[in-house]
Amino acid sequence: MAESKQNSVTTDTIAANQLAQQVKDETLRTWKAYKKYAWGHDALSPLSKSFKDWYAEPLYISPIDAYSTLHLMGFDAEAKEIEAYVVDSLSFDKDIDAKIFEVNIRILGGLLAMYDLSGNDKVLDKARDFADRMLPAFDTKTGIPRYWVNLKTGKARGDTVNVAEAATYTMEMGVLSYYTKDPKYYQAGKKATLAIFDRRSKIGLIGDVIDVQTGEWVGRQSHLCAGVDSYYEYLYKSYLLFGDPDLGIVWDESIKKIHQYLADDFDGKLWYGRSDMETGVHVSSRITLYDAFFPAILTLSGDIERAGKLQSTWAWLWNKYGLEPMVYDYKTGISTYPAYDLNPEIIESAYYLYHATGDSTYFNMNKKFWNDILKYCRTEVAFTSVKNVETMEKKDYMPTFFFAETLKYLYLTFSDHQNKFIFDDHIFNTEAHQFKRSHFDNNLAKIRLGINENQ
Ligand code: DMJ
C-alpha cells in the first residue's frame, strides 16, 4: 500500500510538473508572438497577427502586465528586456485620456511589482511619475476619482463611475506611499474607498454607480459583480498588506452584509445575486464571470467551506459551456453576453483553494480549464478571446491580463508542490501582480502611509 501511494504521488508529481512546463512553454510562445507582431503596442491581435492600442498612442500595457509572470516563471532575459525598455524608452508624457481604473491596476500595479521584484530605483521613479499623472483625477468633491485623466495635462473628466472604478486604489497607492515615504498616494486611495463605504444605506449596502462630485448613487443595485468586485477585494487585501485597521473594519462590516443580502441558494447551488441597496430585496440573478474572484477572497479570509461551495457553482457554469460566459442569469439559465475573454477569476479561485486545502478537486478544475483554453482559444501563434461560448467563434484579441493573471495562476497551481513560490508571503493586486508581504512592515506602513489608528 505504502509503495503504491508513493508511486501515485510520484505519478501525480510528474503530471503536475508536465502541466507546469506546458504552461511555461505556452507563455513563452505567446510572449514571442507579442514581440514579433505587437512589440511596443498595448495588445496582440493573434488572428490577424497584428496589434491594438487602447489610445492614440501606446502605453506598452502587455509587457508591463507580462513582467511579473515572466519573472515568476524564470524567464529572466525576457523580464530584463521589459525592465530596460520601461526605464530607457517609455515616457508617459502623452496627450491621451487614460481610464484611471484600468491603468492603475495594470500600469501602476505592474510597475510597482517590477520594482518590488527588481529593486531598480528607476522603475520606482517611473511608477511615481505615472501615479503623479493619475492624481489630478482624485481632485473631486468626494475624493472619488473621475473616469479619465489626461496623462500630459492632468485634465480629468467623467463624473459617473462604478464602484470598482471609484475605489480600487489602496493597494497600488499604498505600495507607492510605502516605497516613496509619501503618504499622499495612499491617502487619496483610502479617501475614495471610505467615500463609498460612508454612503452605504441604512441596512449597510452600497450601490454600484456613483457621481464623483455629488456623491449621489446613480446605480442602486448592490452586488459583487463586474463594476464592484475589486472594491471588496482591496478592502481585505490592503488590510492584510498594510494592517490599516480602518480597512479591516470596513471589510468586516461589508462581508456580513454580502452574505446576509446577496447570497442566494438556487437550484441546489450557492450564488451571489443583485439586491436593492435600500431594502436588501433580490432584484436580479444576472451575474458575470468576474464574480468568480470571490471564492479566492473567501479562502484568503479563512472561509474555506463557503469558498468551496461557491467554487463548485462556478465550475458547474464553466462545464455547462466548456468555457465561461461573460454574463449569465442563473434563474433563466441563459447567457445574455456569451463571450469569454481569457479571464482568470475562476482559475485564480481554484488556485487559492488548491493551495489552502491540497484537495486535488481544485487542481483538476484548473487542469480542465487549461485544457479547454487550449482547445478553444489557442491559435497558431498565441491565444485569443472567444465571441460566443456556445459556438466557440473566436475574436481577434488577447487581453493583457492573460499574461498577468490567467497564465500565472495556472502555472502556480501546477507548480504549487514545488514550493518555489511562497503563497503566504504574497498578496496579488487585482491584476495578479504579486507583492511580498514581508517587504511591508506594518509599523513602518503606519508612518509612511499616514495610517492613524485614532481616526
Ligand atoms: C482584470 O483586469 C482585473 O482582474 C479586474 O479587476 C477585473 N477582471 C479583469 C480580468 O477579467
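Select Met392 to begin: Met392 sits in the loop between β17 (386–388) and β18 (393–394), where strands are DSSP runs of E with at least two residues and helices are runs of H or I with at least four, both numbered from the N terminus. Phi of Met392 is near 65°, a positive value in a residue other than glycine. Most residues other than glycine have a negative phi. Is Met392 buried or exposed? Met392 counts as buried, at 15% relative accessibility (buried is under 20% relative accessible area, exposed over 50%, partly exposed in between, with a 1.4 Å probe and protein chains only).

A word on what you have open: this is a predicted model, in which local features need pLDDT of at least 70, side-chain atom pairs count only at pLDDT 80 or more, and totals for chains, interfaces and linings use all residues. Residues are numbered from 1 along each chain as its sequence is written, and side-chain values use heavy atoms, with hydrogens and water left out.

Now hop to Lys181, in the loop between α7 (170–180) and α8 (184–197). Here phi is near 60°, again a positive value in a residue other than glycine. Lys181, though, counts as exposed, at 55% relative accessibility.

Step back into α7 and pick Gly174. Gly174 is buried, with a relative accessible area of 0%. Which residues does Gly174 touch, leaving aside neighbours within four places in sequence? Show Tyr169, Tyr186, Phe242 and Leu449: Gly174 is in contact with each of them (contact means heavy atoms within 4.5 Å). Then draw a distance from Gly174 to Lys190, 16 residues along the chain: their C-alpha atoms are separated by 8.8 Å.

Next, show α8 together with α9 (residues 229–242); their axes come within 12 Å and cross at roughly 135°. Axes are lines fitted to C-alpha atoms, for helices over the stretch in contact, with angles from 0 to 180 degrees between N-to-C directions. The two helices are therefore oblique to each other (under 35 degrees is roughly parallel, over 145 roughly antiparallel, 65 to 115 roughly perpendicular, the rest oblique).

Last stop, the open sheet: 3 strands in the order β9-β12-β13, with antiparallel pairing. Strands pair if DSSP finds at least two bridges between them. The edge strands, β9 (221–222) and β13 (282–284), each pair on one side only. Between β9 and β12 (residues 274–276) there are 2 bridges; select Ser222 and you'll find its bridge partner, Ser275, in β12.
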